[in-house]
Amino acid sequence: MTLLKTQVLIIGGGATGAGLARDLSLRGVPCLLVERGDIAAGASGANHGLLHSGARYVAKDPQAAMECAVEGAILKKVAAGCIEDTGGLFAAVAGDDERYVADFPSHCHTCGVACEPLALGEAREMEPVLSEKLIAAFKVPDAAIDPFKLVFENIDEALSLGADVRPHTRLTGFRRCRRGLEAALLRDMQSGAALTVEAAQFVNAAGAWAAEVAALAGLEIPMLYSKGSLLVTERRLARRVINRLRSSADADILVPGGTVSLLGTTSVRLDRLEDCRPTIPEIDRIIDAASKMVPVLAATRFIRAYAGVRPLVGAKTPHDDRAVSRGFALVDHAAEGCDNLVTITGGKLTTYRKMAEKTADLVCAKLGVAAACRTAVQPLASGGASRWAAPGLAPRLWLKAQDPDDLLLCECEMVPQSAVDEIVDAIRRQKAVVDIRAIGLRSRIGKGTCQGAFCAVRLAAYLCDRGLLGAGDGPADIRAFLASRWKGLRPVLWGRSLVQEELQEALHCGLFGLEL
């Protein structure tokens with residue numbers, strides 16, 4: 001058994017855990033982050049990439065709205081490399097609640113959210129995809145944020161400052177002492193080896209799995225799980241974020257995501273986290289509802305759907321989960337007899353930095369560390385291998401380099417082998433497993449219209465040539481990668497997407513003998 005010692009053990013490798021690792025490292029506090037899967041492979045990589053202005057919450061959740069307004073402005077300054085400052089529109093169409101429309105500006109003013117009314121013609125000139133049945137529109141400071149790039153840049157900077165990271169390491173239990181935790185018991189999911197980590201402080205940043213982590217320490221956190229499903233369009237439909245101006249409901253948001261647009265979302269109560277996948281009825285409901293605001297969506301090709309889980313703190317009720325606050329919860333378990341365990345959960349991607357700051361403040365107070373938080377003023381180190389997550393970067397650099405030996409492995413998103421080489425080096429620094437899924441998380445590979453039909457084979461061959469995959473590992477890696485894409489392909493199989501999928505089946509099942 002391997003024994004490690006650190007000051008702070010962070011459990012969870014999503015945005016909050018990564019942000020906390022960076023925050024603590026900037027304060028000079030040694031920390032180790034463990035994650036049972038890959039970094040950013042959970043909820044942090046499955047949201048709509050909307051940097052909220054707060055306007056979505058002004059009517060029913062003013063506290064969350066004010067948090068978003070403040071944090072959105074901070075992130076635009078310190079994490080500009082991860083953000084496309086598109087601006088946003090809130091638009092109402094005929095039939096929407098006119099009282100909600102009339103109250104919207106005053107709610108925004110109360111919450112400190114900038115809001116500017118637009119003439120209908122002006123709004124449709126700004127975003128021609130808006131319905132001709134538009135009855136009101138307002139401009140707000142929404143933006144698009146790349147969640148993958150954001151998380152990996154936080155991890156990379158934390159590593160450069162001395163933090164340690166161990167993906168694919170699952171928590172199996174704790175060793176208790178009289179007033180707290182003495183050690184965390186973990187298992188390396190690749191080798192199966194046992195690992196023990198002794199720390200002065202433990203942080204539960206496991207997101208939707210926070211209640212499971214707390215239970216291993218003999219503690220209870222009341223939580224709800226709300227599934228949100230989204231669709232990815234074949235091309236980008238609008239310059240700005242477009243929100244439906246009404247009380248939160250399904251299919252209210254269309255977010256530009258580089259070369260595509262993301263449409264969603266739903267709110268469906270989950271009893272089992274393993275059931276988190278988009279369903280055909282949800283997809284039909286999203287398209288039907290959103291088409292009233294953006295009619296072209298009814299005839300748009302969607303290349304993929306996906307779903308993520310919102311961890312909401314609160315007791316189960318028979319009411320709509322949209323009524324539960326999107327604010328975050330920081331729990332000091334000292335009151336329950338566990339002095340050195342803290343849980344941070346709830347919230348949203350927009351407030352991840354604030355969540356990390358508040359957690360680090362509490363942890364440092366327990367450790368007697370006086371160093372102040374710097375993440376609100378110090379820019380996030382940008383660049384490195386995390387840059388390949390950004391849409392459109394790979395083709396620009398590949399065309400500029402004009403290197404005939406730098407072959408494209410992904411034609412849809414034009415990702416060359418030089419980018420893969422850089423990503424592989426980063427994966428090794430992060431101690432993650434080098435495979436197609438890990439490279440896909442950190443790049444645009446598999447995210448284009450072919451959804452891995454061609455690039456999965458090329459990438460597997462390239463990794464085998466470099467000795468990064470064993471001769472017999474390629475087919476299994478391709479199968480695992482395509483299976484992960486299939487969950488999102490199945491609900492959108494009609495028209496050209498169905499043709500594309502039949503071609504993929506013919507290639508992989510017929511030609512390569514893979515049973516997908």
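Trainee: How much space lies in the largest cavity?
Mentor: About 50 Å³. A cavity here is a set of points on a 1 Å grid over the protein atoms alone where a 1.4 Å probe fits but cannot get out. Points are joined across faces, edges and corners, and the volume is the space filled by probe spheres set on them. This is a predicted model: local features need pLDDT of at least 70, side-chain atom pairs count only at pLDDT 80 or more, and totals for chains, interfaces and linings use all residues. Residues are numbered from 1 along each chain as its sequence is written, and side-chain values use heavy atoms, with hydrogens and water left out.

Trainee: How many cavities of 30 Å³ or more does the count come to?
Mentor: One.

Trainee: Which residues line the largest cavity?
Mentor: Among them are Arg301, Ile303, Thr449, Cys450, Leu489 and Gln500. A lining residue has an atom within 4 Å of a point. The lining divides into four nonpolar, five polar and two charged residues. Ala, Val, Leu, Ile, Met, Phe, Trp, Tyr, Cys and Pro count as nonpolar, Asp, Glu, Lys and Arg as charged, and the others, Gly among them, as polar.

Trainee: Which helix gives the most to that lining?
Mentor: Helix 14 (residues 495-511), with four residues. Helices are DSSP runs of H or I, at least four residues, and strands are runs of E, at least two, numbered from the N terminus.

Trainee: Gln500 sits in helix 14. Buried or exposed?
Mentor: Buried, with a relative accessible area of 18%. Buried means under 20%, exposed over 50%, partly exposed in between (1.4 Å probe, protein chains only).

Trainee: What does Gln500 touch?
Mentor: Leaving out residues up to four places away in sequence, Gln500 touches Arg301, Thr449, Cys450, Ala453 and Phe454. Contact means heavy atoms within 4.5 Å.

Trainee: New topic. Why is strand 5 largely enclosed?
Mentor: Six of its six residues (88-93) are buried, so the rest of the structure largely encloses strand 5. Gly88, Phe90 and Ala92 are buried on one side, and Leu89, Ala91 and Val93 on the other.

Trainee: Which strands are joined to strand 5 by bridges?
Mentor: Strand 7 (residues 134-140) pairs with strand 5 in the antiparallel sense over six bridges. Strand 14 (residues 241-244) runs parallel to strand 5, with four bridges. Pairing takes at least two DSSP bridges.

Trainee: What are the bridge partners of Val93 and Ala91?
Mentor: Val93 has Leu134 in strand 7. Ala91 has Arg244 in strand 14.

Conventions:
On a 1 Å grid over the protein atoms alone, a cavity is a set of points where a 1.4 Å probe fits but cannot get out, and a pocket is an open set with protein on both sides within 12 Å along at least five of seven lines; lining residues have an atom within 4 Å of a point.
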